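I opened the notebook to look up a few residues in their surroundings and then to step back to the chain as a whole. What follows are the entries in the order in which I made them.

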Amino acid sequence: MSQLMILTMLIFFGLSVPVAVAIGLASITGVSIAGLPWLVIAQQLYAALDKYPLVAVPFFILAGNLMEAGGISERMVEFAKSVVGGVQGGLACTCVLTCMIFAAVAGSSVATTFAVGAILIPAMIRHGYPAPFAASLQASAAELGVVIPPSIPMILFAVSTDTSTGELFIAGVVPGILIGGALMLYVWLYAKRNNLGKRDGEGRLPLWPAFKRAWLALLMPVIILGGIYGGIFTPTEASVVAVMYAVIVGKFVYGKLSFRTLSETLHRSVVSTSVIMFIIANAGVFSFLLNRAGVPDALGAWLAQLFHDKTAFLIGVNAALFMIGMFIETSASVVVLAPLLLPVAMQFGIEPVHFGVIMVVNLALGMITPPFGVNLFAACAVAKLPLERIVKPLIPFVLVVIACLMVITYWPGLSLGLRDLVYTK
């Protein structure tokens, strides 16, 4: 049964059927073969969504869209430019730093791509950066939206594997800073080598005036993350706080949120949420059937025979996840694969939170790799470029992130050190 389900899903993928629909049709095939009542499908669809932490997903998506519409992201860009914009290549570094700050609230890489890219891609092009480079940089930097907390894929990993959402969030902080720092180092060297960005400091506000204009925007991630780790509210409650803060600041302080803008933002957020929830629901049925068929145990036994130590297992899993991430949407990959792979990883002595960070960072690479990189499509839409034009300049960014992934994979303390300080065992 399980082999036919997987084969059916892959066939539908090959026919360009949407991911959620392909998983759902494969699940229907499995139910038919197993002779189960059709009621099982309805039960498992409901059970997959009936999880309290998932409430955070629509609210974080809405918070990210409200930050864009309410002028919060614009002020974050101004502040980031005042910090790093004075060096050669500073505008490119501003892109990375702004994505890091924006990611500390939005939780979504696509929202980060549109919110920050709409401001900085045209600005970089005006300052002489090649348009393909600007688009590929924005797509790559926006990946930090799913690594630096809060992170929607981390919420999905936590829900799928009964892992602590708070622990996963704080474990992503240092890896996110590592990736952001590595990207800034690369773009600085790129600007030096190609004699770009010498005028990046033009129009830059001094640090203190920029901070005074942006302090309410910068306070947002402090409130959200400080509230979570200070025990004031849960990650799920934090998502609601983020929405309320974005509405109050965007509407009553910055005056950018009109009722029409708010209506459009709500509509866009509902569409994005529906796509993710539809994937989660169908993946829940698929995972139930695979578990019922004993696939996790069989997969664990096979991988234990194939890999004899943790180092080899991590190499194999990273290679497999990288390939999977190129073709399957990140949310679907996390929901389907996390329950299958985590028990095997634990057999090799890998801590669940560490494995969650590895998995999220790796699958996030799929957002910036063809043929189905959602960040690439978003960046191309903003830059008005065809996808094939940004593939070549994208390669160095992918290599930088892969290098950081190797460090994250084989240095558990990078992810777990801060977690252990906050969550004393």
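**Entry 1: Thr 236**

I looked up Thr 236 and found that it counts as buried, because its relative accessibility is 8%, where buried means under 20% relative accessible area, exposed over 50% and partly exposed in between, with a 1.4 Å probe and protein chains only. I note here that this is a predicted model, in which local features need pLDDT of at least 70 and side-chain atom pairs count only at pLDDT 80 or more, while totals for chains, interfaces and linings use all residues. Residues are numbered from 1 along each chain as its sequence is written, and side-chain values use heavy atoms, with hydrogens and water left out.

Thr 236 sits in helix H13, residues 235-253, helices being DSSP runs of H or I with at least four residues and strands runs of E with at least two, numbered from the N terminus. Setting aside neighbours within four places in sequence, I found Thr 236 in contact with Tyr 52, Pro 53, Val 55 and Ala 56, contact meaning heavy atoms within 4.5 Å. I also looked up Met 326, which is 90 residues from Thr 236 along the chain, and the two C-alpha atoms are separated by 29 Å.

Thr 265 belongs to helix H14, residues 259-292, and is buried because its relative accessible area is 1%. A polar atom of its side chain lies 2.8 Å from the backbone oxygen of Thr 261. Not counting residues up to four places away in sequence, Thr 265 touches Leu 62, Asn 65, Leu 66 and Ala 69.

Ser 136 is part of helix H8, residues 131-141, and I recorded it as buried because its relative accessible area is 0%. With residues up to four places away in sequence again not counted, Ser 136 touches Ile 390, Pro 393, Leu 394 and Phe 397.

**Entry 2: backbone in the loops**

I then turned to the loops. Pro 149 and Pro 150 are joined by a cis peptide bond, with omega about -5°, and Pro 150 lies in the loop between H8 and helix H9 (152-161).

Asp 162, in the loop between H9 and helix H10 (165-171), has phi near 55°, a positive value in a residue other than glycine; Asp 162 counts as exposed because its relative accessibility is 75%. Lys 384, found in the loop between helix H19 (374-383) and helix H20 (391-410), has phi near 60°, also positive in a residue other than glycine, and Lys 384 counts as exposed because its relative accessibility is 72%.

**Entry 3: the whole chain**

The secondary structure comes to 21 helices and 0 strands. For 425 residues a compact globule would have a radius of gyration near 22 Å, so the 21 Å of the protein agrees; the radius is taken over C-alpha atoms, and the globule rule is 2.2 Å times the number of residues to the power 0.38. The C-alpha atoms fill a box of roughly 65 × 50 × 45 Å, taken along the principal axes.

Of the 425 residues, 56% count as buried. Among contacts with a separation of 6 or more, 79% come from residues 24 or more positions apart.

Terms used. A polar contact is a pair of N or O atoms within 3.5 Å; within protein, one must be able to donate a hydrogen and the other to accept it, and residues adjacent in sequence count only if both atoms are side-chain atoms.
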